[in-house]
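User: I would like to go through this structure with you, one topic at a time. Please keep the answers plain.

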Amino acid sequence: MTEHALTLTPPGPLREFWSHFRQNAGAVAGLLVITVLLVVALGAPWLAPHPPAEQYRDALLLPPAWLDGGNWRFPLGTDDIGRDLLSRLLFGARVSLLIGCIVVTLSLAAGILLGLLAGFFRGLIDTLIMRLMDILLALPSLLLAIAIVAVLGPSLNNAMIAIAVVVLPHYVRLTRAAVLSEIAKDYVMASQVAGAGLLRQMFVNVLPNCLAPLIVQATLGFSAAILDAAALGFLGLGAQPPTPEWGTMLADARQFIQRAWWVVTFPGLAILITVLAFNLMGDGLRDALDPKLKR
Amino acid sequence: MLLFLLRRLGLLVPTFLGVTAIAFALIHLIPGDPLELLAGERGIDPERHARMLHELGFDQPLWRQYLDYIGAVVQGNLGTSLITRQPVLDEFMTLFPATLELSLAAMLFAVLLGLPAGILAAVKRGTVLDHTVIGISLTGYSMPIFWWALLLILLFSVQLGWTPVSGRIAVEFYIEPVTGLLLIDTLLAGDYEAFRSAVRHLILPAIVLGTIPLAVIARMTRSALLEVIREDYIRVARAKGLSPLRVIGVHALRNALIPVVTVIGLQVGTLLAGAILTETLFAWPGIGKWLIDSINRRDYPAVQGGILLVASVVMLVNLLVDLLYGLINPRIRHAH
C-alpha cells in the first residue's frame with residue numbers, strides 16, 4: 001500500500017501572517033528597530049558607559065566625541081550638568097518602552113471590557129458607554145491629558161494614566177464594532193444553543209475573533225503613548241527631572257539650543273525613530289492581519 | 001437636510017453637557033480646599049472662610065453646584081481668572097484670534113503642500129517620487145513637533161537668522177486690532193513693514209503646527225485617489241479619450257476629496273492640541289500658551305473655562321465638517 005498522496009497542509013496562521021508581514025519592508029525595518037530598542041532597554045545598565053544621573057563636573061556641555069573638544073569618554077557629549085548623553089538616551093529607551101507598555105495595557109484592558117459590555121448588552125449600558133466615549137473624543141487628546149494631569153498633579157505615573165484615558169475611546173469603539181459584527185454570526189448562535197454562558201461567549205468565543213484590529217491599534221497606541229508622554233514631559237507635566245525621559249530631557253535642553261545643539265538633537269531623534277518604528281510596524285500588521293485591506 | 005441638521009445638533013447636546021461635567025469635575029477633583037488658592041499665602045480666618053464658602057456656593061450639594069455652573073455657562077459666565085481678575089471668556093476672546101491665525105496658516109500650509117503631494121504620489125504610484133512622499137509623510141506623522149520646532153529654530157533663527165524666535169510681531173509695531181488676525185489688520189492699516197514682520201513671525205510656527213496635518217492629508221489624498229482610480233467610471237473616462245489631466249483632476253479628484261475633507265476637519269482637534277505645544281515654544285500669545293500658563297499658575301477657573309471653550313470650538317468645527325460632508329455626499333444625508 002503506497003500512499004503518495006500529496007499532503008498539502010495549509011500553512012499555520014503564524015506562518016501565513018509572517019509571509020504577509022515579510023513583504024512589507026518598512027514593517028520589517030520597524031520590527032528590527034523595536035527589537036534593538038528592546039535589547040537596549042533591557043540591557044541599559046550594562047550597555048551604558050555611565051550611570052544616567054552621574055554628574056561629571058569637569059565635563060559640562062561637552063560636544064560629541066567626533067567634534068573638536070569632544071572626548072570618547074562621552075560618545076554623544078554631555079548635558080549642562082555633566083551627565084553622559086548616550087547613557088541617558090539608553091536609559092530613556094527603558095522609560096519610553098515602559099510608558100508604551102503600561103499605557104497600552106491599561107487602555108487595552110479597559111477598552112476591551114467596556115467594548116464587550118457595550119456590544120453584548122446594548123441598550124442603556126451601550127448608550128452610556130458610547131456617549132461617554134464621544135465626550136472624551138470631543139476634547140483634543142493632549143488637552144484632555146493636560147487637564148487630567150492638572151488634577152492629579154504632574155508625574156510620570158499620572159501622565160500615563162491620563163494618556164491611557166485619552167486613547168481609551170479608540171479601543172472601546174473598535175471592540176464594540178468587532179463584537180457587533182461577530183455576534184450576528186452562526187457560531188455564536190450555535191454555542192448559545194449549546195448552552196455557553198455569557199462569560200464564555202464574551203471571552204472565549206467572541207473576543208479572540210475581534211483581536212486583529214485591536215492588535216493593530218495597540219501597536220499604533222504604543223507610538224501615540226510615547227509621543228504624548230514625551231510632549232507632557234516636555235511641558236513639565238510628565239516625568240520629572242532627573243528621570244531620563246526623552247521629552248523631559250528636551251525640555252531641560254531647550255535653553256542651551258544656541259550653545260549645544262547635541263543636547264537638543266539626540267533626544268528628539270530618539271523619539272522620532274521609536275515612534276516611526278512603531279508606526280511602520282503597525283501599518284505592516286494592519287496589512288498582514290486585516291484581510292479586507294490586503295493588496 | 002434639515003432633519004440631518006437637527007439630528008446632528010441633538011447629538012451635540014449630551015456631548016456638550018458631558019464636557020461641562022468634565023470641566024466642572026476638574027475643579028472639584030483637585031484635592032484640597034478650593035479657597036486655599038484664592039486666599040494666597042496670607043490665609044483666611046475661619047469666619048471669613050465660612051462666609052466665602054457660602055458666597056461662592058461651595059457649601060451647596062454637588063448636584064446643585066453643577067446646575068448653577070451649567071446655568072452660568074449658558075449665560076456666558078465662565079468665571080474669573082484668579083490672576084488677572086478678568087472674566088475667562090474675555091481673556092479667551094482676546095487670545096483666540098492669535099490661535100485662529102496660526103491654525104489657519106498651518107492648515108493652509110498643510111493643504112497647499114499635502115494635496116498636490118498626495119495626488120502626485122498616487123499618479124506616479126510605485127516610483128521614487130511615490131516612495132519619497134510616503135516616507136516623508138510617515139516621518140511627519142511620527143514627528144515630535146516640539147523637537148521639530150527646536151530644530152527649525154536652530155536652523156532658521158539661530159544659524160541663518162532669517163526668522164524671529166518668538167512672538168507675533170516685532171515690538172516696534174502697534175496695530176489696532178480690527179479682525180484680530182495680524183496679517184489682515186496690518187494690511188488694513190496699510191503698514192507693509194508690519195505685515196512683513198507678522199509674516200516672518202508666523203512662518204515657523206505655522207510650518208511646525210502644519211506638519212502632522214500635512215502628513216495626514218498627503219497620505220489620505222494618495223490612498224483615496226488610488227481607490228477611486230480603480231473604479232469603472234474612471235476607465236470609461238479614459239476610454240472616452242479624455243486627457244489624463246482631466247480624468248484625474250476632474251473625474252477622480254472630485255470623489256477622492258470626500259474622505260480628504262473629513263480628514264482635514266478631523267485635524268482641527270490635532271491643530272488645537274498642537275497649538276498648545278507650538279505656542280509654548282514660540283511664545284505665541286494664543287489660547288494654547290494661555291492654558292499652559294494658567295495650569296502652571298494654578299489658575300483653575302481659567303483652565304476650566306479654557307478647556308470648555310476649546311472643546312466647544314472642536315465640537316462646532318466637527319459639526320460644520322459633518323454638514324459639509326452631507327452637502328458633498330448626498331449618500332450620507334439620506335443614509336438614516
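User: Where is R85(B) found?
Analyst: R85(B) is in the loop of chain B between α4 (62-74) and α5 (88-123); helices here are DSSP runs of H or I with at least four residues, strands are runs of E with at least two, and both are numbered from the N terminus. This is a predicted model, in which local features need pLDDT of at least 70 and side-chain atom pairs count only at pLDDT 80 or more, while totals for chains, interfaces and linings use all residues. Residues are numbered from 1 along each chain as its sequence is written, chains are lettered from A and ligands numbered from 1 in the order in which they are written, and side-chain values use heavy atoms, with hydrogens and water left out.

User: Is R85(B) buried or exposed?
Analyst: R85(B) is exposed, at a relative accessible area of 56%. The cut-offs are under 20% for buried and over 50% for exposed, with partly exposed in between (1.4 Å probe, protein chains only).

User: What is phi for R85(B)?
Analyst: Phi of R85(B) is positive, about 65°, although the residue is not a glycine. Most residues other than glycine have a negative phi.

User: And what about L61(A), what is its phi?
Analyst: L61(A) also is not a glycine and has a positive phi, near 50°. L61(A) sits in the loop between α2 (25-47) and α3 (85-121) of chain A, and with 14% relative accessibility it counts as buried.

User: Which residues does the cis peptide bond join?
Analyst: The cis bond joins P241(A) and P242(A), with omega at about 5°. P242(A) belongs to the loop between α9 (211-234) and α10 (246-253) of chain A.

User: Changing topic: how many residues of chain B are in contact with chain A?
Analyst: There are 41 from chain B, in contact with 37 residues of chain A; contact means heavy atoms within 4.5 Å.

User: How much area do the two chains bury?
Analyst: Chain B and chain A bury about 3400 Å² between them, and 82% of that is on carbon and sulfur atoms. Buried area is the accessible area (1.4 Å probe) lost by two parts on being put together, summed over both. F146(B), W147(B) and L150(B) supply 18% of the area that chain B buries against chain A, more than any other three residues.

User: Which side chains meet in a salt bridge there?
Analyst: Those of D283(A) and R219(B) do, at 3.2 Å from N to O. The count between chain B and chain A is 1 salt bridge, the rule being a side-chain nitrogen of Lys or Arg within 4 Å of a carboxyl oxygen of Asp or Glu.

User: Which elements give two or more residues to the side of chain B that touches chain A?
Analyst: They are α1 (2-29), α6 (128-141), α7 (145-159), α11 (244-282), α12 (287-296) and α13 (300-328) of chain B. The most comes from α1(B), with 8 residues.

User: Now D134(A), please: which residues is it in contact with?
Analyst: Leaving aside neighbours within four places in sequence, D134(A) is in contact with R173(A) and T15(B). D134(A) lies in helix α4 (residues 123-138) of chain A and counts as buried at 19% relative accessibility.

User: Lastly, how many residues of α11(A) are buried?
Analyst: In α11(A), 21 of the 29 residues are buried, so that the helix is mostly covered under the under-20% rule.
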